[in-house]
Amino acid sequence: MEKRSKGFKSLGRGLEALFDDGPKIKDGEEIRDIKLDDIRPNPYQPRKNFDDKGLQELAESIKENGVFQPIIVRKSVEGYELIAGERRFRASKIAGKETIPGIVRDFDEAKMMEVAILENLQREDLTPLEEAQAYETLQKNLGLTQEDVSKRLGKSRPYIANYLRLLTLPPKTKRLLQYGKLSMGQARTLLGLKDKSQIDGLAKKVADEGTTVRRLELLVNKINTKSQEQSRKVTNKSKFIAASENKLSDKFGTKVNISSSNRGNGHLSISFKSTEELNRILDVLGIDLDKE
């Protein structure tokens with residue numbers, strides 16, 4: 001593994017297509033030429049899909065000019081694990097290179113995951129679903145609450161919460177969102193449907209017809225109003241109980257049912273379809289079981 005001088009520098013944003021902003025070299029660090037075959041991809045990489053055309057263009061640039069910004073890796077039992085710079089790593093392989101400039105850093109598992117996720121969250125080409133999964137990974141693997149994640153990333157808590165809600169979409173609708181058939185705005189609007197079983201069908205209709213968010217909002221309201229009218233006919237619930245159910249359903253992003261007797265007592269139930277959704281509801285309620 002060949003060592004390079006510490007004076008290895010970026011050529012600036014003019015070659016943006018060739019590389020991303022590079023890591024700052026710390027005291028005692030050096031840039032080395034590392035064999036590509038000795039590097040394993042980062043298991044915590046939030047980005048699931050890479051633009052083939054973009055990678056090919058980057059590979060052509062690397063063939064012509066080389067890699068101007070080092071990747072970051074950590075030593076593993078066999079070779080190295082990639083921490084940051086996966087596009088350069090993949091493009092270098094496509095370009096037929098045998099080595100890539102890299103900086104070796106001593107990161108534990110938690111730090112490796114955090115750096116990988118934060119690096120990718122700074123990019124603009126993550127899909128909404130990949131961004132949501134990145135926030136969820138930070139929460140689960142580092143034991144963070146939504147409030148913790150929002151502070152660490154400089155985002156508002158509602159911003160984080162809106163992305164995490166996307167993870168409650170049914171699988172077919174998630175695929176439409178992942179592949180750009182639905183926008184973030186359309187997906188969020190679909191979550192407003194009270195009857196979650198209708199989401200997939202409406203999502204396909206929206207994707208096929210290119211329905212605007214504003215038009216979709218009107219359609220969702222119409223469907224919900226119709227469902228509420230049908231529900232009132234069956235249950236004959238008071239306006240107060242019905243309004244309470246609607247408000248709570250909007251707050252928790254899932255179906256809420258309230259049953260009451262003439263004496264004023266009753267039951268309140270909040271529906272969830274997975275452990276992840278239950279954890280999201282607990283987070284909305286401000287309940288952190290780990291701190292109990």
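This report describes the fold and some local features of a predicted protein model.

## Basis of the model

The model is predicted: local features need pLDDT of at least 70, side-chain atom pairs count only at pLDDT 80 or more, and totals for chains, interfaces and linings use all residues. Residues are numbered from 1 along each chain as its sequence is written, and side-chain values use heavy atoms, with hydrogens and water left out.

## The whole chain

The protein chain has 12 helices and 8 strands. These are DSSP runs, numbered from the N terminus: H or I of at least four residues for helices, E of at least two for strands.

Of the 292 residues, 41% are buried (under 20% relative accessible area, with a 1.4 Å probe and protein chains only). Contact means heavy atoms within 4.5 Å. Among contacts with a separation of 6 or more, 67% join residues 24 or more positions apart.

## Helix α2 and its cover

Helix α2 spans residues 86-94. Its buried residues are Glu-86, Arg-87, Arg-88, Phe-89, Ala-91 and Ser-92. Their cover includes strands β3 (39-40), β4 (71-75), β5 (80-84) and β6 (99-104). Helices α1 (52-65) and α3 (109-121) also contribute. Just after α2, Gly-96 takes a positive phi of about 80°.

## Helices α4 and α5

Helix α4 (residues 128-142) packs against helix α5 (residues 146-153) at an angle of about 115°. Their axes are 10 Å apart. Axes are lines fitted to C-alpha atoms over the stretch in contact, and angles run from 0 to 180 degrees between N-to-C directions.

From α4, the contact uses Tyr-135, Leu-138, Gln-139 and Leu-142. From α5 come Gln-146, Val-149, Arg-152 and Leu-153.

## An annotated stretch

UniProt, in an unreviewed entry, places "domain: HTH cro/C1-type" at residues 140-165. Such annotations may be inferred rather than shown by experiment. Over residues 140-165, the chain is 77% helix and 0% strand. The end C-alpha atoms are 15 Å apart.

## Glu-245

Glu-245 lies in helix α11 (residues 239-252). Glu-245 counts as buried because its relative accessibility is 11%. Neighbours within four places in sequence aside, Glu-245 is in contact with Lys-237, Val-256, Asn-257 and Ile-258.

Technical notes
Buried means under 20% relative accessible area, exposed over 50%, partly exposed in between (1.4 Å probe, protein chains only).
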